[in-house]
Amino acid sequence: MEPLTVSVPDLLVEGGAFEISGIVLRYGSRAVRFMPIFLYGQGVAGCVEVTFCSGDKVISQGRLFMRVGSVNGWIFTPPATSSRSGQLFDEGIFYGLILALLP
């Protein structure tokens with residue numbers, strides 16, 4: 001595991017940004033990245049992009065949205081899916097996302 005700091009835009013404040021740590025989980029030449037991409041926008045409190053990386057390939061696994069509408073937890077959505085149609089992010093989804101790391 002390695003932390004990686006990224007600048008994340010605050011979509012409610014023009015030019016506003018925060019420095020937030022993302023997480024990269026590595027096993028051999030493969031990695032799963034959890035990278036924050038924005039705060040306070042599009043009806044959610046924040047968004048994290050989850051990608052699988054192997055060599056030059058980077059494949060989106062989906063997004064995690066924090067506090068969507070009246071839901072206080074995290075919601076996971078597969079690629080090209082609306083944040084409103086996701087499912088609660090739990091241990092099973094987390095392990096499913098990092099399963100790609102194993103040979």
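A salt bridge here is a side-chain nitrogen of Lys or Arg within 4 Å of a carboxyl oxygen of Asp or Glu. With that in hand, here are some notes on this predicted model.

1. **The salt bridge.** By that criterion the structure holds one salt bridge. The partners are Arg63 and Glu49, whose closest N and O atoms lie 2.6 Å apart. Side chains of opposite charge can pair when their charged atoms come close.

2. **How enclosed are the two partners?** Arg63 has a relative accessibility of 32% and therefore counts as partly exposed. Glu49, at 16%, counts as buried, because the limit for that label is under 20% relative accessible area.

3. **The main core.** The largest nonpolar core has 12 residues, including Leu25, Val32, Phe34, Val50, Phe52, Leu64 and Ile98. Two or more residues come from each of β3 (30-41), β4 (44-54) and α1 (91-98). Apart from this core lies another, made of six residues, among them Phe38, Cys47, Phe65 and Ile75. In soluble globular proteins, nonpolar side chains tend to be buried together.

4. Nine of the 12 residues of β3 are buried, so the strand is largely enclosed by the rest of the structure. On one side of the pairing list is β2 (residues 17-27), which runs antiparallel to β3 and is joined to it by five bridges. β3 also pairs with β4, again in the antiparallel sense, over 10 bridges.

5. **A chain of bridge partners.** Val32 is the bridge partner of Leu25 in β3, and the bridge partner of Val32 in β4 is Phe52. Leu25, Val32 and Phe52 are also members of the largest nonpolar core.

6. **The two hairpins.** β2 and β3 form a hairpin with two residues between them, and Gly28 in that turn has a positive phi of about 60°. The hairpin of β3 and β4 likewise has two residues between its strands. Which residue in that turn has a positive phi? There it is Gln42, at about 55°.

7. **Thr51.** This residue lies in strand β4. Its relative accessibility is 12%, so Thr51 counts as buried. Leaving out residues up to four places away in sequence, Thr51 touches Ala31, Val32 and Arg33, as well as Val58, Ile59, Ser60 and Gln61.

8. **Arg67.** The loop between β5 (57-66) and β6 (74-77) is where Arg67 sits. With a relative accessible area of 41%, Arg67 is partly exposed. Beyond its neighbours within four places in sequence, Arg67 is in contact with Gly43, Val44, Ala45, Asn72 and Gly73. Ala45 is 22 residues away along the chain, yet the C-alpha atoms of Arg67 and Ala45 are separated by 5.6 Å.

9. **Thr5.** Strand β1 (residues 2-9) contains Thr5. Setting aside neighbours within four places in sequence, Thr5 is in contact with Glu19, Ile20 and Ser21. The C-alpha atoms of Thr5 and Val48 are 13 Å apart, the two residues being 43 residues apart along the chain.

How values were computed: Residues are numbered from 1 along each chain as its sequence is written. This is a predicted model: local features need pLDDT of at least 70, side-chain atom pairs count only at pLDDT 80 or more; totals for chains, interfaces and linings use all residues. Side-chain values use heavy atoms; hydrogens and water are left out. A nonpolar core is a set of buried Ala, Val, Leu, Ile, Met, Phe, Trp, Tyr and Cys residues joined through side-chain atoms within 4.5 Å. Buried means under 20% relative accessible area, exposed over 50%, partly exposed in between (1.4 Å probe, protein chains only). Helices (H or I, at least four residues) and strands (E, at least two) are DSSP runs, numbered from the N terminus. Two strands pair if DSSP finds at least two bridges between them. Contact means heavy atoms within 4.5 Å.
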